[in-house]
Amino acid sequence: MQAQNELFMDFNYDVIVIGAGHAGCEAATASANLGSKTLLITMDMNKIAQMSCNPAVGGIAKGQIVREIDALGGQMGIVTDKSAIQFRMLNRSKGPAMWSPRSQSDRHRFIEEWTSIVSNTDNLYIWQDTVNELIIDNKQVTGVRTLLGVEMKAKSVVLTAGTFLSGLIHVGKKQASGGRVSEPASYGITEQLKSIGFAADRMKTGTPMRVDGRTIDFSQLTEQEGENDFHKFSFLKEVQRELPQQSCWITYTNEHTHEILHSGLEFSPLYNGQIQSIGPRYCPSIETKIITFADKNAHQLFLEPEGVNSREYYVNGFSSSLPLQTQIDAIQSVKGLEKAQLYRPGYAIEYDFFDPTQLKHTLETKLIKNLFFAGQVNGTTGYEEAGGQGLIAGINAHINCHGGNEFILHRDEAYIGVLIDDLVTKGVDEPYRMFTSRAEYRLLLRQDDADARLTKHSYDLGLVKKSRYEQLQNKKSEQEKLISFLKHFSIKPKDVNSFLVAHNSTPLEHGCKLSDLILRPQFGLSDLAEAVPALQEKLENISEIREEIIESVEVMLKYAGYIEREKLIAEKLQRLEHIIIRDKIDYSTVQSLSTEARQKLARINPETIGQASRIPGISPSDVNILLVMMGR
């Protein structure tokens, strides 16, 4: 007979992932799909990949990250397409380097899709519990202990605790412990890690109120419809948007709204000293807006639907931790929301994070082997930034278990590479949010070519199947055939001049190749095909991802010179990334370096001279000294 205190389950795993948010789900599915026996531990199995803030994925630079996650074999793009209730491509008026996909999601469908994925992924198991201690032996993590007293062993552990580490919620002077509203905070891990040398601090984020759509007067608002063209997040042709599409709605605050908000500032946790932690500069609360932009009489608000069968609306632009009555009075002063009923108020939340300069580019910690951090615990904000980190952490956690070369994306390869390099090299002094301006090589990191940049990496790792890699190869073949056709097909003035005049473009005096004609900004390939039957026939013969191929070829041709120039710059700077200096120099003894350089280089211990050059405070002369020391 089995002893009473003996467990029937085998609590031994390759990888344990703590937290089932956006980082945790990507980390767990990545390691499991690569073959690691993986355990995903979550406090609540009904809230896997919960959209804690707005019900949307993507946006400027963030949309590029989601397409990169998809190209690497991650899941966020697939889940977003299947739960999408509105899709838009932002920044269309700018160049293709700035185009950014964004999608409103059905919040409940988003959770359902993710739950289905994690529940049906081979090698992936789920345990509902709270981890309050890591098992660490000789500076190496070997498992976790939970609130229920269960001890679980693992070769690698990925911490993705989001806002739950010592989470504290604020609504006016009211405070409550929690990682999200009505969900308990987690204690123990921060205290343990600080005791062994990790640097931790506090950050703040917030979320707006949710309003009952039945109490909104939509006739007073401006409707913002979505787009229904071929664009989406996943490169997989079988993944499509399935749900009925919904509209968002626009309204504005006014002077009376601002007067009400001002009257409550003395009770605001942000301004009465109750909150001391670091908040997001680029997603400020409404009370911060009326102080920072005191000259503005109105601020734009977006009412975003939470789902197809829900009447709940997210008030984007009205994040607040003001007292409940102040929030109610203020929102009811807004046009169209005079009778608004709240499902719940906005709130601020403080939580622990760890200085990300304590990480390697693999997201493994420098202090403890096989321990990885991903998501908001690294000082970032946003589902997309979390998902990208989780994917990289999950891949490298698997590699640490089974061997292989560490997987790192460089700054000229992916926004995910820019994100992680910024975190581990520069650290954070506020919640980190990705922008296109953070990337030096924006034209190389477009949303349309993420699959061409990254799918080969994922195929070599074994994270994507051969069928997906073959789909990419077929796409490239179609692109090459179309480009070749355009470069070799000649057009005469008499065949195209009427078209050119109609599109306000200068008529031809001599014949030219179609590839020369497409460089003109007034029209695209599909437009030109109307006047050139041979081109029309060529486009019609392209496979079922026709629109995607046409758009990508057009971008390649129109911006070829700029793309090539950016590639050359990237290749020159990439040389510095191959000069390894980690643990090779005792910086404290190099008197020719500035004092600031010695201190920062010693603290961060950069992997390469390229990374060293990006540390704030490291000058070009400091870089030259390092090159001389390395015999360059």
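Predicted model: local features only at pLDDT ≥ 70, side-chain atom pairs only at ≥ 80, totals over all residues.
Asp14 belongs to strand β1 (residues 12-18) and Lys155 to strand β9 (residues 151-159), so the pair ties together parts of the chain that are 141 residues apart in sequence. The two partners can also be described by their accessibility: Asp14 counts as buried because its relative accessibility is 11%, under the cut-off of 20%, whereas Lys155, at 42%, counts as partly exposed.

A further salt bridge joins the side chains of Glu151 and Lys153, at 3.4 Å from N to O. Glu151 is partly exposed, with a relative accessible area of 35%, and Lys153 counts as partly exposed at 32%.

The side chains of Arg411 and Glu440 form a salt bridge with an N to O distance of 2.9 Å. Arg411 lies in the loop between α9 (383-402) and α10 (415-426), while Glu440 lies in the loop between α10 and α11 (450-461), so this pair ties together parts that are 29 residues apart in sequence. Arg411 counts as buried, with a relative accessibility of 8%, but Glu440 is partly exposed, with a relative accessible area of 39%.

This pair is part of a network in which salt bridges that share partners join Arg411, Asp421, Asp422, Lys426, Glu440, Glu577 and Arg614.

## Charges across the chain

Side chains of opposite charge can pair when their charged atoms come close.

## The fold as a whole

The chain contains 21 helices and 21 strands, and its C-alpha trace spans about 85 × 70 × 65 Å along the principal axes. Its radius of gyration is 26 Å, which agrees with the value near 26 Å that a compact globule of 632 residues would have.

Buried residues account for 58% of the 632 residues in the chain, and the accessible surface comes to about 26700 Å², with 49% of that area belonging to carbon and sulfur atoms.

Technical notes: Residues numbered from 1 in each chain as written. Heavy atoms only, no water. Helix = DSSP H or I, 4+ residues; strand = E, 2+ residues; numbered from the N terminus. Rg over C-alpha atoms; globule rule 2.2 N^0.38 Å. Buried < 20%, exposed > 50% of the residue type's maximum accessible area, 1.4 Å probe, protein only. Areas by Shrake-Rupley, 256 points an atom, 1.4 Å probe, with all protein chains shown as cover. Salt bridge = Lys/Arg side-chain N within 4 Å of Asp/Glu carboxyl O.
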